[in-house]
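Dear colleague,

Here is the structure for your files. My notes on it follow below.

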Amino acid sequence: MRAVTTNPKMSKNPRNSQKPGSVGARRRLRLWLGFMIVFLGWAAYTYISQSEEIGEKSQQLAKTQASGKQTEESLNQLKYEVNRLQDPEYIGQIAMKKYGLYKPGEIPVRVSESEAGND
C-alpha cells in the first residue's frame with residue numbers, strides 16, 4: 001500500500017492552493033491600498049480646508065480693496081480741496097459765506113428766503 005503524505009502547503013483550502021509567492025503579494029497589495037486610502041483621505045481633507053481658507057482670504061481681500069479704493073477717492077478729494085485753498089479768490093468766497101467777511105468798499109447783498117418766494 002501506498003503511504004499518503006500530506007504537505008501542509010498543499011491543502012484543499014483554495015486560498016492555500018495558490019502559488020506561495022501570491023500570499024505575500026496580496027499582503028503588500030493590501031498594505032499599499034491601505035496607505036493610498038489614508039493618503040487620499042488626508043489630501044482631500046487638506047484640499048477642503050485650504051479651499052475654505054482661500055475663500056475667506058478672498059473676501060478679506062475684496063473688502064480691503066474696496067476700503068483702499070474709498071480711501072484713494074477721499075485722498076484725491078482732499079488734494080483737490082488743498083489745491084483750491086491755494087487760490088486767493090476761493091479763500092475770499094469761503095470767508096464771505098462762512099464768516100460774513102467782505103472786501104473794503106464792497107456792499108453785501110442779502111436776499112431773505114421769504115422775499116425770494118414772493119416773485
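**Notes on the model**

Leu85 is partly exposed, at a relative accessible area of 38% (buried means under 20%, exposed over 50%, partly exposed in between; 1.4 Å probe, protein chains only). This residue belongs to helix H1 (helices, H or I, are DSSP runs of at least four residues, strands, E, of at least two, numbered from the N terminus). Apart from neighbours within four places in sequence, Leu85 is in contact with Tyr90, Ile91 and Ile94 (heavy atoms within 4.5 Å).

This is a predicted model, in which local features need pLDDT of at least 70 and side-chain atom pairs count only at pLDDT 80 or more, while totals for chains, interfaces and linings use all residues. Residues are numbered from 1 along each chain as its sequence is written, and side-chain values use heavy atoms, with hydrogens and water left out.

The chain has a mean pLDDT of 84, with 79% of its residues at 70 or more (pLDDT is the predictor's confidence in each residue, from 0 to 100). Confidence is highest in helix H1 (residues 20–85), at a mean of 95, and lowest in helix H3 (residues 113–116), at 66. Where pLDDT is low, the predicted coordinates should not be read in detail.

UniProt, in an unreviewed entry, lists residues 29–48 as "transmembrane region"; such annotations may be inferred rather than shown by experiment. In the model, residues 29–48 are 100% helix and 0% strand, and their end C-alpha atoms are 28 Å apart.

Phe35 also lies in helix H1 and counts as exposed, at 53% relative accessibility.

Regards
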